[in-house]
Amino acid sequence: MRQLLAQFKRLPAVASRWIEPNFRLFRTTRLPLVWLLSIIIGLLTAIAAILFRLGIGAVQWTWLGTASEAVASATAHVPWWMVLLAPTAGGLIVGLYLQLIQPKQRAGGVADVIEARAQGGRGLPFWQGISSAWLTVMSLGCGASAGREGPVVHLGATIGTAICQTFRLPNAARRILLACGVASAVSASFNAPIAGVLFAHEVILGHYALTAFVPIVISSVMGTLLARLWFGTDVAFVIPDYQITSLLEVPAFALLGLTCAAVAVIFQFALIGTDWIARNIHMPLWIRPVTGGLAVGAIALLFPEVLGVGYEATDAALKTQLPLTTMLALLVAKTAATSITLASRFGGGIFSPALYLGAMCGGAFGLIAAAAFPELASSHGLYAILGMGAVAAAVLGAPFSTTMIVFELTGGYALSIALLIAVSIATGLTQAVHGRSYFHWQLEMRGVMLQEGAHKWLVRIVHVSDFLEPVSPEAPPPPFDPDSGAPSLKATDTLEAALKTFDESGTARLPVLDQADPTRIIGYATHVRALRFFNSELINAQVEEHR
């Protein structure tokens with residue numbers, strides 16, 4: 001009995017030793033502050049997403065007379081020349097803005113957010129983000145064929161990054177708050193809080209660490225609540241209650257996945273090909289959106305469904321309101337219009353176009369399947385839902401979050417088995433052909449190889465300034481002779497360049513020169529210190545992904 005009482009007396013000490021290090025880690029990583037800031041970021045991002053959608057509607061109203069998403073229907077009430085000239089005039093405004101004001105001469109998107117995450121939650125200047133959002137509002141409002149979700153994700157991440165600058169937070173916390181802005185943006189755009197959480201983890205962070213889960217969920221919920229207060233609780237696409245007719249349709253679902261993979265592969269090739277053509281055509285920057293807008297307007301004369309985000313046509317496909325020939329024609333027209341739009345430097349994303357193409361592909365497939373096997377085939381509206389998820393997942397490289405987005409957009413949870421089959425096959429085959437998502441292709445075009453692992457991209461984002469040993473101002477070294485041919489570094493050199501210089505010179509210690517004055521030594525970099533810093537960053541990246 002005495003021994004038992006002694007054990008009970010030790011319980012407070014044991015509990016303290018158990019809890020204290022965990023709570024200390026909780027405080028030192030600034031997680032209480034991160035949780036609080038996630039609420040603020042979620043609300044601010046939702047407000048920005050609401051204003052973004054209202055802005056698109058306001059621009060659209062100037063030439064269509066309506067701010068609704070029924071763009072194709074509204075074009076029937078305006079002259080044909082208005083349909084042709086609205087994207088062209090919008091292209092002129094966008095082109096002049098790109099030429100004279102926009103710093104990077106392009107609008108931001110999801111790829112920029114992924115790159116900022118790799119750089120420790122940095123690299124998204126606030127006013128550039130606001131400028132990029134305005135550029136996209138003008139583009140989509142005038143009828144450019146692209147999505148609004150990617151730009152809203154960029155805007156949310158920009159807000160998260162801006163708030164981080166007010167506080168001295170570790171890189172892990174900055175990345176979490178950047179992802180909080182993304183989660184709120186997705187949930188506010190789609191009225192899909194679970195999908196917002198998954199998208200932030202899967203596409204932006206690239207991991208599912210528990211420390212990131214709570215603040216991201218908080219931010220996503222805040223975004224959804226505010227969006228529902230403004231827009232209501234209805235999902236984006238209100239569709240009939242489709243059911244799978246027979247489990248014998250499983251081979252058809254697999255074949256649909258194969259078909260959607262073909263659509264996704266062709267869509268990515270179209271985006272890449274038109275971008276390559278645009279880069280190799282020499283013309284003033286401001287003319288590119290004008291030319292692209294004229295081309296999109298010309299396509300819209302025959303197929304007004306390609307204008308803008310395209311939710312009206314997507315909804316019609318989900319409700320089985322489009323014939324086979326129309327859906328097949330819109331597959332080609334939307335692919336061409338979106339590729340031209342993005343290659344012409346209009347602002348916009350690929351999420352909505354991918355959903356659009358998937359709905360058309362699935363709907364057409366369902367009609368053909370019903371003609372071949374009328375007793376077994378489900379409604380082609382059901383196949384449109386499946387195609388929507390499969391094509392979007394394959395293009396974005398985000399099967400988990402895309403599957404959940406489709407569930408939350410349509411309420412079709414009963415279709416889970418069929419959707420998972422189609423999504424997995426489409427994603428796997430697209431990966432086999434392209435090897436990367438569209439976002440990672442964009443990053444690789446900029447020389448950012450994030451897909452190859454942390455050891456590949458860390459050497460390019462770590463700079464000599466991160467690990468140099470500064471010289472004492474009281475005992476400055478003698479001036480450096482830049483004409484001597486002796487090896488040296490600059491503070492802005494990457495770790496990759498520094499390691500190459502160490503290797504080629506065979507020197508273990510190199511002087512670091514002032515960028516403005518190449519004769520002044522501001523510090524020294526050693527080979528051992530550079531490797532030690534690199535190893536430390538690799539370890540931190542692994543710990544962050546598993547904590």
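Predicted model: local features only at pLDDT ≥ 70, side-chain atom pairs only at ≥ 80, totals over all residues.
Two strands are said to pair if DSSP finds at least two bridges between them.

I begin with the strands. Strand E3 covers residues 509–513. On one side of the pairing list is strand E4, residues 521–526, joined to E3 by five bridges. E3 and E4 run antiparallel. Within this pair, Arg509 stands opposite Thr526 of E4. Strand E3 also pairs with strand E2, residues 489–490, through two bridges. Here the two strands run parallel, and Leu489 stands opposite Val512 of E3. How many of the five residues of E3 are buried? Four are, and the strand is therefore described as mostly covered, given that buried means under 20% relative accessible area.

I turn now to the helices, starting with H6, residues 126–141, and H7, residues 149–164. Their axes lie 9 Å apart, and the packing angle is about 160°. Because angles over 145 degrees count as roughly antiparallel, H6 is roughly antiparallel to H7. The crossing of these two helices is left-handed. On the H6 side, the contact is made by Phe126, Gly129, Ile130, Ser132, Ala133 and Thr136. From H7 come Pro151, His154, Leu155, Thr158 and Ala162. Sorted by class, this contact holds six nonpolar and five polar residues, with no charged ones.

H8 passes H9 in a right-handed crossing. Residues of H8 in the contact include Arg175, Leu178, Val182 and Val186, while those of H9 include Pro193, Val197, Phe199 and Ile204. What is the make-up of this contact by class? There are twelve nonpolar residues, two polar and one charged.

Is Asp275 buried or exposed? Its relative accessible area is 15%, and Asp275 is therefore buried. Leaving aside residues up to four places away in sequence, Asp275 touches Ala343, Trp441 and Met445.

The contact of H6 with H7 has no charged residues, whereas the contact of H8 with H9 has one. Thank you for your attention.

Methods: Residues numbered from 1 in each chain as written. Heavy atoms only, no water. Buried < 20%, exposed > 50% of the residue type's maximum accessible area, 1.4 Å probe, protein only. Axes fitted to C-alpha atoms, helices over the stretch in contact; angles between N-to-C directions. Parallel < 35°, antiparallel > 145°, perpendicular 65-115°, else oblique. Left-handed = near helix turned anticlockwise from the far one by under 90°. Contact = heavy atoms within 4.5 Å. Nonpolar A, V, L, I, M, F, W, Y, C, P; charged D, E, K, R; others polar.
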